[in-house]
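Reader: I am new to this structure and would like a close look at one part of it. Please take the salt bridges.

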Amino acid sequence: MAVLDLNNLRLAVLIDAENVPRNCIKSVMEEIAIYGIPTIKRIYADWTSPTVSGWKLSLLDNAITPIQQYSYTTGKNSSDSAMIIDAMDILYTEKTDGFVIVSSDSDFTRLVIRLREAGQRVIGIGERKTPNAFIAACDKFIYIEVIRANAGDPDPIHETAENGHRTPSHYRERQQYQPRAKLTKEVPDSIIQLIADSVSDLAGDSGSVFMGELGNLILKKQPDFDHRNFGFNSLSALIKTIDRFEIDFRQTADPNIKHVFVRDKESN
């Protein structure tokens, strides 16, 4: 997927270990490599806590630097303040072009807004439970569940603790897994309307829109849009399945390259 031109950006990857399952970190890092070069890779937690003891091998395998942040208050995420302070320090060194914030915590919403105000590209990665405010603040937001499905990672089975509450997989030393269900190729009406509106916004006299421009506009309107959410390998593959749209492949000066254009057949 390459609707954002981030491939050569220097990225600072900041991971909230208390809000991310460790079993998918390799797939997350491979996803990040699509959009740029992760020159800084840090993960934050209270590493004296037994709840994060299982992270060691994942950090070594992916060359991620653990940052210690003590939990001064019970029930509070100890990583938030440390990540925010480090992000601002990195911002002012001017050594990066963008940030990847890996967390499902809405507390980072204001940080993301501030980074974008400073001209940084910001990609968010988190679970589907991530609040909309955090998602909307990012240039692009990617669901961990989609990354897992794309990589073929298994789903963790949440064990039940003695008190009857479900325990997140990354808070356990022993994990069990179940096969991942495939995403169904169904495009909701809301997404069809989003595409149609975006085509209308960009269409000139010809009524056709370049696929790359269309993808970028859709992401600006809905940062968590991802064709993989609906089981497709590309945006063009998704649009091909919708009768409302017509796709036109146009030859360029290079015989090996064709540009893809989209037209809304229902537009006047």
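Is Asp86 buried or exposed, and what is its relative accessible area?

Author: Asp86 is buried, with a relative accessible area of 16%; buried means under 20%, exposed over 50%, and partly exposed in between, with a 1.4 Å probe and protein chains only. This is a predicted model, in which local features need pLDDT of at least 70 and side-chain atom pairs count only at pLDDT 80 or more, while totals for chains, interfaces and linings use all residues. Residues are numbered from 1 along each chain as its sequence is written, and side-chain values use heavy atoms, with hydrogens and water left out.

The side chain of Asp86 forms a salt bridge with that of Arg42, at 3.2 Å from N to O. A salt bridge here is a side-chain nitrogen of Lys or Arg within 4 Å of a carboxyl oxygen of Asp or Glu. Asp86 belongs to helix α3 (residues 79-93) and Arg42 to strand β2 (residues 36-45), so the pair ties together parts 44 residues apart in sequence. Helices (H or I, at least four residues) and strands (E, at least two) are DSSP runs, numbered from the N terminus. Arg42 is partly exposed, at 25% relative accessibility.

The structure holds 12 salt bridges. Another of them joins Arg116 and Asp139, at 3.0 Å from N to O. Arg116 sits in helix α4 (residues 109-117) and Asp139 in the loop between α5 (132-137) and β6 (140-143), so this pair ties together parts 23 residues apart in sequence. Arg116 is partly exposed at 34%, whereas Asp139 is buried at 15%. Finally, Glu31, Asp226 and Arg228 are linked in a network of salt bridges.
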